Amino acid sequence: MTQHATASGSAGGEGAISFSAAALARLVGGVVRGDGSHVVTGIAPLDRAEEHHLSLLATAGYREQFASSRAGAILVCPELADSPGGARCRIVVERPAEALLGILPQLYPEAPSPTGIHNTAILGRGVKLGAGVSIGPYTVVGDGAALGDGVTIGPHCVVGAGVEVGVGSHLSASVTLSPGTRLGQRVRVYSGARLGGDGFGYVLRDGAHAKLPHVGQCLIGDDVDIGANTTIDRGSIDDTVIGAGTKIDNLVHIAHNVRIGRNCLLMAQVGIAGSVHIGDGCLLAGQVGVSGHHTIGDGARLSAQAGVFGDIPAGETWSGYPARPHREMLRAHAALFRLASMMKRIEQLLTRAAE
């Protein structure tokens with residue numbers, strides 16, 4: 001295994017460690033074709049890769065880019081392993097994108113977080129700190145909050161009174177966890193996210209909108225990722241719950257009393273209204289909107305910009321506005337696109353009839 005310091009700052013960025021192509025192949029259980037001694041110091045896309053980069057060919061649509069790519073090594077699936085291209089080494093592996101999960105941390109190891117409490121941080125009464133906790137500048141931790149072992153809190157965060165943050169969790173800069181929030185283990189919350197604030201709940205009384213007090217919790221399961229500037233409200237009289245392994249993108253809004261199952265994916269700008277229940281393994285693509293009090297079954301998929309106004313059966317793919325089964329929506333769109341020519345023919349027939 002070749003392993004030495006390298007320079008930084010090219011097309012894909014460089015790590016502090018380099019590997020031979022053969023070593024990377026062993027790491028992911030791949031088969032080497034070509035020069036296994038070729039040294040890789042970084043990863044880059046096909047169109048910007050240089051001789052010292054590893055790149056990826058996982059779908060046939062990128063074969064043309066591969067043919068002209070300068071990448072020195074390539075992760076490639078067996079079906080595309082014989083594609084024309086000048087890479088010095090091909091690492092043939094069944095699932096190239098999955099193989100990156102093993103390679104990226106090796107080429108780009110994360111710097112260890114410093115432990116300790118910055119002298120500008122403010123800790124309330126009765127705060128419980130686990131071993132190896134890091135609390136950044138100007139962060140406020142409220143009375144009775146509990147941070148588990150290895151928790152990292154970035155600068156300018158607010159951790160409310162009584163909040164619990166599980167072992168190994170990480171908060172980036174300017175995250176707010178309001179009272180009633182509980183994070184599981186290994187949760188990652190990115191900059192600007194707001195968790196556990198009151199939801200949008202009002203009752204019309206005497207001609208005015210009276211705010212409904214929120215007394216529920218915001219419960220985040222283990223291994224959840226929450227993107228930048230995402231908001232997750234606490235429950236009103238129920239709890240808001242995010243299941244273990246679910247990944248939430250930037251700029252997502254999840255309202256009060258929503259329950260999301262395990263291992264779901266929510267893309268950017270998804271909006272979920274109150275009391276929606278989403279099953280395990282669901283996928284909501286960008287800008288999906290779900291109106292309140294509906295159920296989305298296990299494994300359902302909602303295409304980008306789908307507008308949901310009813311329950312979605314388990315395992316189905318829906319799209320469009322209002323959302324409907326995907327094939328039905330495609331047929332409806334095809335009919336709509338034919339409408340102009342049909343109208344022209346109808347007008348011609350009416351003109352002939354009038355004559």
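Two strands count as paired when DSSP finds at least two bridges between them. The views below show a predicted model.

**View 1. Strands S10 and S13 run side by side in parallel.** Strand S10 covers residues 134–135, and strand S13 covers residues 152–153. Two bridges join them. Ile135 stands opposite Ile153 in S13. Strands of a sheet pair through backbone hydrogen bonds, either parallel or antiparallel.

**View 2. An open sheet of twelve strands, with mixed pairing.** The order is S7-S10-S13-S16-S19-S24-S27-S30-S33-S36-S38-S39. S10 therefore sits between S7 and S13 in that order. Which are the edge strands? They are S7 (116–117) and S39 (324–325), and each of these pairs on one side only.

**View 3. Helix H3 and its buried residues.** H3 spans residues 96–107, twelve residues in total. From first C-alpha to last, H3 reaches 16 Å, close to the 16 Å expected at 1.5 Å a residue. Pro96, Ala99, Leu100, Ile103 and Leu107 are buried in H3. These residues cover an arc of only 110° around the axis, which puts them on the same side of H3. An α-helix has 3.6 residues a turn, so residues three or four places apart point the same way.

**View 4. Gln185, in the loop between strands S18 and S19.** S18 covers residues 181–183, and S19 covers residues 188–189. Gly148 is 37 residues from Gln185 in sequence. In space, the C-alpha atoms of Gln185 and Gly148 are 8.4 Å apart.

**View 5. Cys157 and Cys218, two buried cysteines.** The structure holds zero disulfides. A disulfide needs the two sulfur atoms within 2.5 Å. Cys157 has 0% relative accessibility, so it counts as buried. Cys218 also has 0% relative accessibility and counts as buried.

Notes
Residues are numbered from 1 along each chain as its sequence is written. This is a predicted model: local features need pLDDT of at least 70, side-chain atom pairs count only at pLDDT 80 or more; totals for chains, interfaces and linings use all residues. Side-chain values use heavy atoms; hydrogens and water are left out. Helices (H or I, at least four residues) and strands (E, at least two) are DSSP runs, numbered from the N terminus. The expected span of a helix is 1.5 Å times one less than its number of residues. Buried means under 20% relative accessible area, exposed over 50%, partly exposed in between (1.4 Å probe, protein chains only). The arc is that of the directions from the helix axis to the C-beta atoms.
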